[in-house]
Amino acid sequence: MKTYVSLAWRNLWRNKKRTLIAASSVFFAVVLALLMRSMQSGYYAYMIDASVRTYTGYIQVHGKNYWEKRSLEESMTLSSNKIKEIQSLPGVRQTVKRFETFALLSHGDVTRVAQVTGIDPEEENKLTGLRGKLIKGQYLSQNSKGLLLGQGLAELMKVSVGDSVLIYGQGYHGVSAAELVPVEGILKFTIPEQNKTFSYLSIPYAQWVFSAEDRLTSLSIMIKDPAKADDIRDKIKSLLDKRYEVMTWDELTPELVQAIQIDNSQGIIMLGILYLVIAFGIFGTIMMMTAERLKEFGILISVGMKKSRLFLVTTLETLFISFIGVLAGSLFSLPVLLYFSKHPVPLTGEYAQAILAWGLEPVLPFAVNAGMFFAQIWTVLVIALLSGLYPINFIRKIKPSEALRG
C-alpha cells in the first residue's frame, strides 16, 4: 500500500500547475463555504442569545395564561424556596425574576407609553449587562425607589437625572397605579425601540406601585447547555403545579425559529451551488488528468500492472488533491474566523435598519466550531470519491494496443 501511496503522490507533482489549479478550486470553495456557514451560524446564535437575554431566557416560568394575555391578572407568586429548587437543578446557570407591564409616563405636558420592568438589579446586570448601558446617574439598588429610563424616552419627555416622572397605569385586580418617581439614571441602548420605550424599577418597588405584592410576571432561566433545554424544562415542570406554565425559548419565539429556518434553507441552497462548482472543478481536472495519461496507462497495463492497482492509484490522486485544497482552505480560514468571532463586523445602511427592526444590534458575528470544518472535509472527500469513479471506468475500458497508439 505504501508503494501506491508514494506513486500517487509523485504523479501529482509531475504536472504541478495542473495539481495546483485543481487544489486551488477546492481551496477557494472551502474558504467561501466556511465563511458563509460561520456567518450564518454566528448570526443564528447571536439572535437566539440576544432574544433569551433580553426577553425570554432559554426557559421561562410564568402564570398559566400570562403568555397569551400579557396581563397582571395572570401574574404569579413563586416562593423563594421554589426558585432555589429550580436554581439548584443540574444545568441551570441563573434565574432572573421580572415584573413587566405597560404604563403611561408623564412629565410636564409630555406623556408617553412605556414598558415598565421591575428587576432584581444585580441578577439583571449579570444577564443583560444593564449597568454597562448607564450613561448618566446611578444604577438601581435592590430597595431603590427610583427609575431608570432609556435615553430616547428621556429625551422625548425632556427629563434628566433628578427630575420626577409620574407613572400612571392599571395595577393588579384593576387597582389604579399612580406614583411620582425620581429618575435615578439614564440608559443608552443600541436598539432605538428599547431607547424609546424601556424603563426599569426595582422589583419590590414595582410590585408596590402596581399593588401586586410578591407577584412576578416571569422567571427567566439561563442554562449551561441550550441543547438540554427540553430536558430541564420537563424537570422544572415536575417541581410546579398546573398554575404555572413552563416554556422553552423556541416555544416563546416561534417567529424567530421560523426566520432562522428560512434563512438556513437559503444558505443550504447557496452551499449546494458552491459544492456543485467544486464538483465540476474536481471532475474536470480528473477528466483532463485521465485523458492526458492514456498512453501511460496503456504501457503500465502492457507490462503487467493490474487495472485494479491503477484504480487505487488514480483514486488516491483524487483524494490527495481534494485533501490539499481542504486542508489549505481550513488553515487559511481558521485565524480569519477566530478574529471575526471576537470582533463582529458592524453593519450600516438599510441592512442595519432591517436588523434593528428585529430588535437586535446591527452587527455580523461569526461562529467557530469543529463541526463546520468536519462538514467541509467530508463533503469535499465524498465529491472527490464520486469524481474518482470516472478514471476507474476509463481505465476499465482501456485496450493496451489502442492506448499505445494514442
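Biologist: Which residue of S9 is the bridge partner of leucine 148?

Modeller: This is a predicted model, in which local features need pLDDT of at least 70 and side-chain atom pairs count only at pLDDT 80 or more, while totals for chains, interfaces and linings use all residues. Residues are numbered from 1 along each chain as its sequence is written, and side-chain values use heavy atoms, with hydrogens and water left out. Strand S6 (residues 147–150) runs antiparallel to strand S9 (residues 198–202), to which two bridges join it, two strands being paired if DSSP finds at least two bridges between them. In S9, leucine 148 has as its bridge partner tyrosine 200.

Biologist: Which residue of S8 is the bridge partner of glycine 150?

Modeller: Strands here are DSSP runs of E with at least two residues and helices are runs of H or I with at least four, numbered from the N terminus. S6 and strand S8 (residues 176–187) run parallel and are joined by four bridges. The partner of glycine 150 in S8 is leucine 187.

Biologist: In S12, what is the bridge partner of valine 61?

Modeller: Strand S12 (residues 244–248) is mostly covered, with four of its five residues buried. Strand S1 (residues 59–63) pairs with S12 in the antiparallel sense over five bridges. Within S12, the bridge partner of valine 61 is valine 246.

Biologist: How is H2 oriented to H13: parallel, antiparallel, perpendicular or oblique?

Modeller: Axes are lines fitted to C-alpha atoms, for helices over the stretch in contact, and angles run from 0 to 180 degrees between N-to-C directions. Helix H2 (residues 16–56) packs against helix H13 (residues 307–342) at an angle of about 40°, with the axes 7 Å apart. Angles under 35 degrees count as roughly parallel, over 145 as roughly antiparallel, 65 to 115 as roughly perpendicular and the rest as oblique. H2 is therefore, relative to H13, oblique.

Biologist: How many nonpolar residues are in the contact of H2 with H13?

Modeller: H2 passes H13 in a right-handed crossing; a crossing is right-handed if the near helix is turned clockwise from the far one by less than a right angle, and left-handed if anticlockwise. Contact means heavy atoms within 4.5 Å, and among the residues making it are Val26, Phe27 and Leu34 of H2 and Ile321, Gly325 and Phe332 of H13. Ala, Val, Leu, Ile, Met, Phe, Trp, Tyr, Cys and Pro count as nonpolar, Asp, Glu, Lys and Arg as charged, and the others, Gly among them, as polar. The contact has no charged and seven polar residues, and its nonpolar residues number 15.

Biologist: Is threonine 19 buried or exposed?

Modeller: Threonine 19 is found in helix H2. Leaving aside neighbours within four places in sequence, threonine 19 is in contact with Leu12, Trp13 and Ile321. Its relative accessible area is 1%, so threonine 19 is buried.

Biologist: Which residues does serine 41 touch, not counting those up to four places away in sequence?

Modeller: Serine 41 also lies in helix H2, and with a relative accessible area of 22% it is partly exposed. Not counting residues up to four places away in sequence, serine 41 touches Ala367 and Met372.

Biologist: How many polar residues are in the contact of H11 with H15?

Modeller: Helix H11 (residues 254–292) and helix H15 (residues 370–387) pack at an angle of about 40°, with their axes 9 Å apart, and this makes H11 oblique to H15. Among the residues that meet are Tyr275 and Phe283 in H11 and Gln376 and Ile383 in H15. By class, the contact of H11 with H15 has nine nonpolar residues and no charged ones, while the polar residues number three.

Biologist: What is the phi of lysine 158?

Modeller: Lysine 158 has its place in the loop between helix H6 (151–157) and strand S7 (164–170), and at a relative accessible area of 65% it is exposed. Although lysine 158 is not a glycine, its phi is positive, at about 60°.

Key:
Buried means under 20% relative accessible area, exposed over 50%, partly exposed in between (1.4 Å probe, protein chains only).
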